[in-house]
Amino acid sequence: MQFETILVRSQDPTALITLNRPEKLNAMSMVLKQELIRALQELDSDATTRVIVLTGAGEKAFTAGADIHEFQGRTPMDQWRMYEHGTLYDAVDKVSKPVVAMINGYCFGGGLELAMACDIRVASNRAVLGQTELNIGIIPGGGGSQRLPRLVGLGKAMKLTLTGDRIDADEAARIGLVDEVVPHARLQPRTFEIAEKIVAHSPLAVRLAKSAIRASARLPLDQGLRYEQSLFALAMASADKEEGVRAFLEKREAKWTGQ
Ligand code: COA
């Protein structure tokens with residue numbers, strides 16, 4: 001896969017996408033967003049890839065958000081057309097495999113929205129996070145007003161968004177915005193360790209579990225429970241269920257086929 005603004009490493013089950021504009025703190029230009037959408041789609045249909053990790057190049061930033069230069073002169077119709085074609089955040093949402101945000105530094109605005117669209121967030125102790133759009137006279141437009149309250153609750157989402165405050169990684173973990181904070185040097189090893197644990201499971205079961213958990217964000221409880229039951233019933237029909245149960249009873253490691 002050839003790209004201008006991102007790097008993709010995809011030879012292992014854990015694929016790594018690196019936003020690669022370090023001199024601009026990995027600000028997400030339209031080109032970068034389009035390339036990221038394409039990479040996510042390609043990795044989702046690539047048989048080798050089982051987990052996708054997103055991070056930023058350089059020592060300072062995951063991403064400092066949307067490229068603010070591109071807001072100059074943008075009309076409402078330009079913005080509408082971008083939404084019509086589907087956003088980066090929609091693309092992350094549609095990936096069937098787990099997507100992990102490896103937050104190595106600044107994570108602001110659209111960058112935080114990108115991280116929140118992912119399934120798991122692991123942060124360096126150097127990371128600084130913020131829903132900072134109001135600082136430049138706009139509002140979150142990549143899902144921040146909806147995903148942030150779901151993660152941290154209404155009051156904390158209001159406080160973060162309306163103040164435009166930046167918080168450190170420990171505070172982000174305390175309010176549930178990130179799932180784990182690790183010393184900077186441990187960020188990649190620890191993120192890949194988590195990915196490898198996921199990869200060790202049945203790919204089919206991982207996919208079904210992800211789908212069921214993500215449904216909890218959009219379905220009322222009764223419908224979510226029905227959806228979970230449907231996927232649970234589907235899992236009963238899988239070869240991996242037969243193998244997993246047999247391996248447990250025979251006290252050996254299971255060999256998954258993803259069928
Ligand atoms: N869009 C476009 N360019 C950005 C950017 C963004 N979101 N964030 C940083 N950059 C660029 C800067 O313009 C600068 O480029 P230059 O060297 O050509 O002038 C470069 O990245 C380095 O940024 P700089 O501000 O010099 O670094 P810093 O360490 O002093 O400050 C931040 C870092 C992240 C605090 C600051 O850049 C910032 O506030 N960025 C905007 C964050 C934001 O509000 N994002 C949400 C957008 S909706």
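Tutor: Contact means that heavy atoms lie within 4.5 Å of each other. By that rule, and not counting residues up to four places away in sequence, Glu4 touches Val31 and Glu35. Before we go on, note that this is a predicted model, in which local features need pLDDT of at least 70 and side-chain atom pairs count only at pLDDT 80 or more, whereas totals for chains, interfaces and linings use all residues. Residues are numbered from 1 along each chain as its sequence is written, and side-chain values use heavy atoms, with hydrogens and water left out.

Student: Where is Glu4 found, and is Glu4 buried or exposed?

Tutor: Helices (H or I, at least four residues) and strands (E, at least two) are DSSP runs, numbered from the N terminus, and Glu4 sits in the segment before β1 (6-9). A residue is called buried under 20% relative accessible area, exposed over 50% and partly exposed in between, with a 1.4 Å probe and protein chains only. Glu4 has 67% relative accessibility and therefore counts as exposed.

Student: Which side chain makes a polar contact with Asp67?

Tutor: A polar contact is a pair of N or O atoms within 3.5 Å; within protein, one must be able to donate a hydrogen and the other to accept it, and residues adjacent in sequence count only if both atoms are side-chain atoms. The side chain of Asp67 is joined to that of Arg21 by such a contact of 2.9 Å. Asp67 belongs to the loop between β4 and α2 (76-84), and because its relative accessible area is 7%, Asp67 is buried. Leaving aside neighbours within four places in sequence, Asp67 is in contact with Arg21, Ala27, Met28 and Ser29.

Student: How should I read the surroundings of the ligand, and how many residues surround it?

Tutor: A residue is near a molecule if one of its heavy atoms lies within 4 Å of it. There are 17 residues around the ligand, the closest being Lys24, Lys60, Ala64, Ala66 and Ile68. Sorting by class, Ala, Val, Leu, Ile, Met, Phe, Trp, Tyr, Cys and Pro count as nonpolar, Asp, Glu, Lys and Arg as charged, and the others, Gly among them, as polar; the shell then has eight nonpolar, three polar and six charged residues. A polar side-chain atom of Lys60 lies 3.0 Å from an oxygen atom of the ligand, a polar backbone atom of Ala66 is 2.9 Å from a ligand nitrogen atom, and a polar side-chain atom of Thr132 is 3.1 Å from an oxygen atom of the ligand. Taken alone, the ligand exposes 870 Å², and the protein buries 64% of that, where accessible areas come from the Shrake-Rupley method with a 1.4 Å probe and, for residues, only the protein chains shown count as cover.

Student: What should I look for in a strand, and which residues of β5 lie on each side?

Tutor: In a regular strand the side chains alternate between the two faces of the sheet. In β5 (residues 99-103), Val99, Ala101 and Ile103 lie on one side and Val100 and Met102 on the other, and all are buried. Two strands pair if DSSP finds at least two bridges between them. Strand β3 (residues 51-56) pairs with β5 in the parallel sense over three bridges, with Leu54 opposite Ala101. Four bridges join β5 to β7 (residues 120-124), again in parallel, and the partner of Met102 in β7 is Val122. Because four of its five residues are buried, β7 is largely enclosed by the rest of the structure. Strand β7 also runs parallel to β10 (residues 180-182), joined by three bridges, where Ala123 has Val181 as its bridge partner.

Student: And how do I read a helix; which elements do the buried residues of α5 pack against?

Tutor: An α-helix has 3.6 residues a turn, so residues three or four places apart point the same way. In α5 (residues 144-152), the buried residues are Gly144, Arg147, Leu148, Pro149 and Val152, and they pack against α3 (88-94), α4 (110-117) and α6 (154-163). Just after α5, Gly153 takes a positive phi of about 95°.
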